[in-house]
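Please look over the model below before reading my notes. They are set out as numbered points.

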Amino acid sequence: MFDKDISIGKIRLRSGTWYAHIAEDGSWRDIYYSDELRQMLGFQTREEFPDTLEDYAEYVHPDDVASMFEAVRVACLGESDGLDVEYRIRRKDRAYIWVNDIGTLIRTANGKPYLMHGAVIDVTHLKEAVNTKKEIPDVSVKARQADAAEWFGTVYDLNESARFRVDYDDNGQIVALSWNDAYWKMLGYSNAFELPQNYPAWFNTIVPDDREQVVRAMDVLGKISDPKDVHEEEFRIYAKNKSIRWLRVAARRVFGWDGKPKQVLGIAKDISNQKALELQTRIFEIFSREFVTVNIIDVINRRLRILRYSKRADTVDALSKLSEGYDYDQVLSYYIDKYVAVEDRERMHRITSLDNLVQQVSENEMYRVRYAQVDDDGTRYYYQGNYLRILDETGNAAIVVGFRDITDIVQAELEKQAALQEAKEQAEAANHAKTAFLFNMSHDIRTPMNAIMGYRDLLEKYQEDPSRRQYYLTKMGEVSQVLLSIIDNVLEMARIEKGTLEMVESVWNAYQFADYLYSVFMPMMEKKGLKFTRKISVKHPYVYCDAGKLRDIFLNVVSNAYKYTNTGGSVSFFVEELPCDKEGWVFYQTTISDTGIGMSEDFIPKLFDPFAREKSNLGNNIEGTGLGMSIVKRLVDFLNGTIEVKSKKGEGTTFIITTPHRVGEKADELNQALLKEHKPDVLKGKRVLLAEDNDINAEIAIEILNELGMVVEHAADGKICVDMLTKSPAHYYDFILMDIQMPNMNGYEATMAIRKLLDKAKSNIPILAMTANAFDEDKKASLRAGMDGHLAKPIDVKDLVQGIAAVLENKK
């Protein structure tokens, strides 16, 4: 805090400094108030008066808060050259004082506001002294020259000072203003005629923001009654070249014999360099607070001086010692060659050379460099050097450089770049996988499609030959099942990748499932000449599990054993129960072994990759997508189980699948009823309403249903289906087969509309979905809409009969 005389012994100004970083939205952050500012307000510690704008605003007079914040906002957004606002603020003793808050804006290299620093000046006494302002008349009078050297000599002993004189009339009004040659030379004018010697012309040369200050100073000067009192003022004025110069003016009043003021005599001194030096000093202070290391580079003498350095690293200690006895170039070379990372050394030598810095560093924009430093222990840090041109304390050209530790920032950037690179690699891998998928699908779908089209052509050619006709039809059926299996595997893989799998638990009978698996594969095994055995050794035959997913797992594995085992070989299926540490739970370990062609040791790690198929002598004869085992692995993982593979080329393969299960009870009567097999004749005479928009699908379905002895009526979409049911008599239709994806009204909407009918006989009609939407979630969606069952396309006559019959029996 400093005191500054306005009127000797009467008016004294006090002030304190501050600075703050400016965020992109124009708000202040990391504000700092000097101890002098706190003391001016009666506080002693930062705890009493914290470094925040919000705490500061609490002390501002309520009537002045809005104007203060508006001035701050405009200044921080760069909409003005700086901050200049007056307001009242409450001291610790609760007394209000008037302050003038001024601040200077510092911008970044791209012109954005970055930092503001300034001072808060106590102008209370000045406010009290200036109660009224005298209006200065715009009077143009002839300049009167007089030799007043003796008057100035009593103020300052300067023979060549810029001097001025103001003359008053008897009423105390200004009538003339004059100055000597040193004044206009100081402002860059070539002669006295370029700057007219009158008050209005001189007043217009004052920077607009300082004119009110000068008017106040004139009022204060007008109240001085002691001829010995001298008033000083600092303000800005435009030179001839429109540059801004800072002037310090000292003046005193001259009284006549009658005691009335006759003149004001004064001198003016250009203090622009001093003001610049004060600003640079504040920059020194700010740099010292913001950066771990701050250096001053003497451009003229090529010397380096350290103002502040981090004590964390020995590197800076060594640098400090060197800087005491070596010039900038030597220190720079030592530091770069010893501590800067190898990949940055050549660049740092080039861009931090003093010659380059002189060209790059300016007074208005920060010049920044970034590099890596490696300490003696091998630890890597990242630093940013920030260079700004200034005048040092002696007024010589210099560069201040502050070093900031940006290791955390760089590490975050590197992690972000690594994440982006990883994302890029994943995207490229995904694109590659998609391309490979399409290639494999094209090949695997075209193979059975080619067979179907070939057999169709042969069938047309030899349709008069019963044996050939039956053979071709049988082969078309087998190849169609292969094609359907390919599509099912693709859809199943898509569901798994999408993450839409859900656990659907029910009570499962291990013996019953083994019988089912045996009945499915035994005819195939016998036809191929394979020995197929099964064995069950469990204490708890009833357990909870997701039966559908277990069925898919075992069907895939046993199917592979069948495909890759030659005639005369064997396939075995063995289930045994193992103890589990979790009470009420057991493990089922299923071992499926074959004596087939086996796999090489190199291929086993790739077995569960999508589309993985090992080339063998049977390679071209084995149908499939290469997705089956990938699906098996993912399903086993989903069930929290494990799968182990043992195989030897030419000897066979063994899969060991272990899954945890909660112990259950014997299946109830309903579950047993669902396992009942129904004969096709139970559907004879039934009347079915078929809702199907595709003509080909409708034609095939009608033909199949007619063959089963049913009467079929066709609705082309869901809306027509609802209308036909509504207009029909009660119990006219026995059930509805409902497609899902139809125009006008889809199957879900049609079902919900039917369930809302007032006629209970119609609203309770059995409805089965018959759709290509075959996922578990599709089945659940059908049940939520109010349907009683779900049949997947393409139509399997056996599944169709069992599904319809089961629903009709349950409805009873």
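1. Basis. This is a predicted model, in which local features need pLDDT of at least 70 and side-chain atom pairs count only at pLDDT 80 or more, while totals for chains, interfaces and linings use all residues. Residues are numbered from 1 along each chain as its sequence is written, and side-chain values use heavy atoms, with hydrogens and water left out.

2. Confidence. pLDDT is the predictor's confidence in each residue, from 0 to 100. The chain has a mean pLDDT of 80, and 82% of its residues reach 70 or more. Residues 130–160 stay under 50, and the model gives them 49 contacts beyond four places in sequence. Residues 311–325 are also below 50, with 26 contacts beyond near neighbours in sequence. A contact here means heavy atoms within 4.5 Å. Where pLDDT is low, the predicted coordinates should not be read in detail.

3. Overall make-up. The chain has 25 helices and 28 strands. These are DSSP runs numbered from the N terminus: helices are H or I with at least four residues, strands are E with at least two. Of the 812 residues, 43% are buried. Buried means under 20% relative accessible area, exposed over 50%, and partly exposed in between (1.4 Å probe, protein chains only). Among contacts between residues at least 6 apart in sequence, 59% join residues at least 24 apart. The accessible surface is about 43800 Å², and carbon and sulfur atoms account for 51% of it. Areas come from the Shrake-Rupley method with a 1.4 Å probe; for residues, only the protein chains shown count as cover.

4. Nonpolar cores. A core is a set of buried Ala, Val, Leu, Ile, Met, Phe, Trp, Tyr and Cys residues joined through side-chain atoms within 4.5 Å. The largest core holds 45 residues, and I553, F554 and F573 touch the most other members. Apart from that core lies another of 30 residues, including W18, F43, F49 and V99. Beyond four places in sequence, the contacts of F573 include A514, L517, F532, F554, V558 and I592.

5. Salt bridges. The rule is a side-chain nitrogen of Lys or Arg within 4 Å of a carboxyl oxygen of Asp or Glu. R38, R46 and D51 are linked in a network of them.

6. R88 and D64. Their side chains form a salt bridge at 2.9 Å, N to O. R88 is in strand β4 (residues 82–90) and D64 in the loop between α2 (53–57) and α3 (65–76), 24 residues apart. D64 is buried, at 9% relative accessibility. R88 is partly exposed, at 23%.

7. R380 and E343. This salt bridge is 2.8 Å, N to O. It links strand β15 (residues 380–391), which holds R380, to helix α12 (residues 342–351), which holds E343; the two residues are 37 apart. E343 is exposed, at 52% relative accessible area, while R380 is partly exposed, at 33%.

8. D788 and R755. Here the salt bridge is 3.0 Å, N to O. D788 lies in the loop between α24 (776–785) and β28 (789–792) and R755 in helix α22 (residues 747–755), so the pair ties together parts 33 residues apart in sequence.

9. Surface patch. I445, M449 and M453 make a nonpolar surface patch of about 250 Å². Patches use residues with over 30% relative accessible area and no salt bridge; like charges are joined within 9 Å, nonpolar side chains (Val, Leu, Ile, Met, Phe, Trp, Tyr) within 5 Å. M449 sits in helix α14 (residues 407–461). M449 counts as partly exposed, at 32% relative accessibility.
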